[in-house]
Amino acid sequence: MTYKTIIEPFRIKVTEPIKLSSEEDRRQFLKRASYNPFKLRSDEVIIDLLTDSGTSAMSQNQWAGIMQGDESYAGASSWLKLEREIRDLTGFEYVLPTHQGRAGERILYGHIGGPGKVFVSNTHFDTTRANIEFTGAEAIDIPAPESWNMEVEAPFKGNMDTNRLRAIIAERSPENIGAVILTITNNSGGGQPVSLENASEVADICKETGVMFVLDACRVAENSYFIKSREEGMQNYSYREIAQKTFRLADAAIMSAKKDGLVNMGGFLALKDKSIALDCQNLLIISEGFTTYGGLSGRDMEAMTVGLREVFEDGYLNYRIKSTQFLGDRLQKLGVPVMRPSGGHAIYVDAKKFYPHIPVERFPGHSLACELYLKGGIRSVEIGSVMFGKYDEEGNLVPAPNELVRLAIPRRVYTQSHIEYVAEVFERLVKERANARGYKIVWEPPFLRHFTAKFEPVNG
Ligand SMILES: *Cc1c(COP(=O)(O)O)cnc(C)c1O
């Protein structure tokens, strides 16, 4: 008999207080933050679903590992443990420790990128794209066609469109392709998984054409969960074995350990090719640190070594994915339009559908993010026209393709009752949806405006 209540597979030994606030407090906090939730102080937030990156709670074994950190400049035992763990997981001989994912991206893509090079991905994460474009190279996204449909319950909506991959490699010629990058799970595409079959097909195409295949493996454990539960023939492998199979299809991997490494800071770049690895090691020494610590202290490496094991435990992954799905299912039952099926790390709400009376020029996603904060102290992030909208020559808004609000779930941080609370706040927002108003931008910086822009509510 399996019960439907999802219990956290841990007990709580250390607590971090949450400061509760009233609606009146929050009205003032949000006003002071110029109606931009990014500018709130964290103690003004009750449930922080801004990101799952670097927000994990560490286990007692990770904290115990921290006490064993060897802070030697060269050849630290903490490094040797981490290197052994990553080699065993990935199968790659060369491991470079970095302070987070984007440092690995800058090193690898800075080396193999440059003007005239093309990178192809199911979807480049924004730092990935930025690091590629910064070198003068081009980044092309080719997600599978079903990824565009928010409602269809396809099992692997994070897949890459392999027909388009073949066509692009043929058209641009293999020597101009910097790398093919498979992002698992597809973060910017809703945290949707990639099947092992799709990854194998991508690997075959890369082998046939001699193109480098890189895994962006930030959420490789969550992806393994979906493979085991949805892909034919995979049920008898452990989550870690599935991850090992996935890594062994690629030539290199970059991972931000702030996600499935279960640490607050950390990452790595791992490679098969010796000559690229040696070049990257030089770049690592110039910008991150010596090869046996990169951007990390010994204690960080200890915590990461333990986190990279724990993240594949059955109890943990089951709780992780089921509790995310629980929120998605609850919201759907309440009539909140959510991206289906639920991804691994976050639930995405379609704000254009939720607030049909707010035009895109008045940012319905931003309005929902503000309502969630005002009514419940919940911080989320708009992924819509505030983040990705542009202006045409006449200064009119060219809206983003979707107006979404992402509720990202930190790992091992919130309990079932916190998630119940989020659902209850949504229940109220559903009832009061006609009262929600739009916003206008009253100040914005030239780049990445969502972080610092100032807003004001508008009437009507
Ligand atoms: C977070 C993330 C990165 C970048 O990692 P940082 O640790 O934030 O630098 C790259 N790719 C994906 C898919 C990510 O989610």
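**Note on a predicted model: pocket, ligand surroundings and selected residues**

1. The second largest pocket is lined by 40 residues, and those lying nearest its centre are Val14, Ala57, Met58, Arg412 and Val413. Strand S1 (47–48), helix H2 (60–66) and helix H12 (314–333) are the elements that each give two or more residues to this lining. The structure under discussion is a predicted model, and every remark below should be read with that in mind.

2. What volume does the second largest pocket hold? The space in the second largest pocket comes to about 1500 Å³. H2 supplies the largest share of its lining, namely three residues. At least three residues of the lining come from domain 1 (23–52 + 313–457), and at least three come from domain 2 (60–310).

3. On the ligand, which residues are the closest to it? The ligand is surrounded by 15 residues, the closest being Gln100, Arg102, Asp216, Ser256 and Lys259. A polar side-chain atom of Arg102 lies 2.7 Å from an oxygen atom of the ligand, and a polar side-chain atom of Arg219 lies 2.9 Å from a ligand oxygen. Gly101, by contrast, takes part through its backbone, with an N or O atom 2.9 Å from an oxygen atom of the ligand.

4. Two peptide bonds deserve a check, because most peptide bonds are trans. The bond that joins Ile184 and Thr185 is cis, with omega about -20°, and Thr185 has its place in the loop between strand S5 (177–183) and helix H7 (196–209). A cis peptide bond also joins Arg340 and Pro341, again with omega about -20°, and Pro341 lies in the loop between H12 and strand S9 (346–350).

5. Backbone phi values raise a related point, since most residues other than glycine have a negative phi. Ser173, in the loop between helix H6 (162–172) and S5, has a positive phi near 75°. Leu262 likewise has a positive phi, near 55°, and is located in the loop between strand S7 (252–256) and strand S8 (267–271). Is Leu262 buried or exposed? With a relative accessible area of 0%, Leu262 is buried.

6. Gln244 belongs to helix H9 (residues 239–247) and, at a relative accessible area of 17%, is classed as buried because this value is under 20%. A polar atom of the Gln244 side chain is placed 3.1 Å from the backbone oxygen of Asp88.

7. Thr291 sits in the loop between helix H10 (274–287) and helix H11 (298–310), and its relative accessibility of 17% makes it count as buried. How many residues along the chain separate Thr291 and Tyr73? The two are 218 residues apart along the chain, while their C-alpha atoms are separated by 9.5 Å.

8. Val386 is part of helix H15 (residues 385–388) and is buried, with a relative accessible area of 3%. Its C-alpha atom is 9.4 Å from that of Glu361, a residue 25 positions away in sequence.

9. The C-alpha atoms of Glu427 and Leu334 are separated by 6.5 Å, although the two residues are 93 apart along the chain. Thr209 is in helix H7 and is partly exposed as well, with a relative accessible area of 26%. Between the C-alpha atoms of Thr209 and Glu175 there is a separation of 9.0 Å, and along the chain these residues are 34 apart.

Methods
Residues are numbered from 1 along each chain as its sequence is written. This is a predicted model: local features need pLDDT of at least 70, side-chain atom pairs count only at pLDDT 80 or more; totals for chains, interfaces and linings use all residues. Side-chain values use heavy atoms; hydrogens and water are left out. On a 1 Å grid over the protein atoms alone, a cavity is a set of points where a 1.4 Å probe fits but cannot get out, and a pocket is an open set with protein on both sides within 12 Å along at least five of seven lines; lining residues have an atom within 4 Å of a point. Grid points are joined across faces, edges and corners, and a volume is the space filled by probe spheres set on the points. Helices (H or I, at least four residues) and strands (E, at least two) are DSSP runs, numbered from the N terminus. Domain bounds come from an automatic or database domain assignment. A residue is near a molecule or strand if one of its heavy atoms lies within 4 Å of it. A polar contact is a pair of N or O atoms within 3.5 Å; within protein, one must be able to donate a hydrogen and the other to accept it, and residues adjacent in sequence count only if both atoms are side-chain atoms. Buried means under 20% relative accessible area, exposed over 50%, partly exposed in between (1.4 Å probe, protein chains only).
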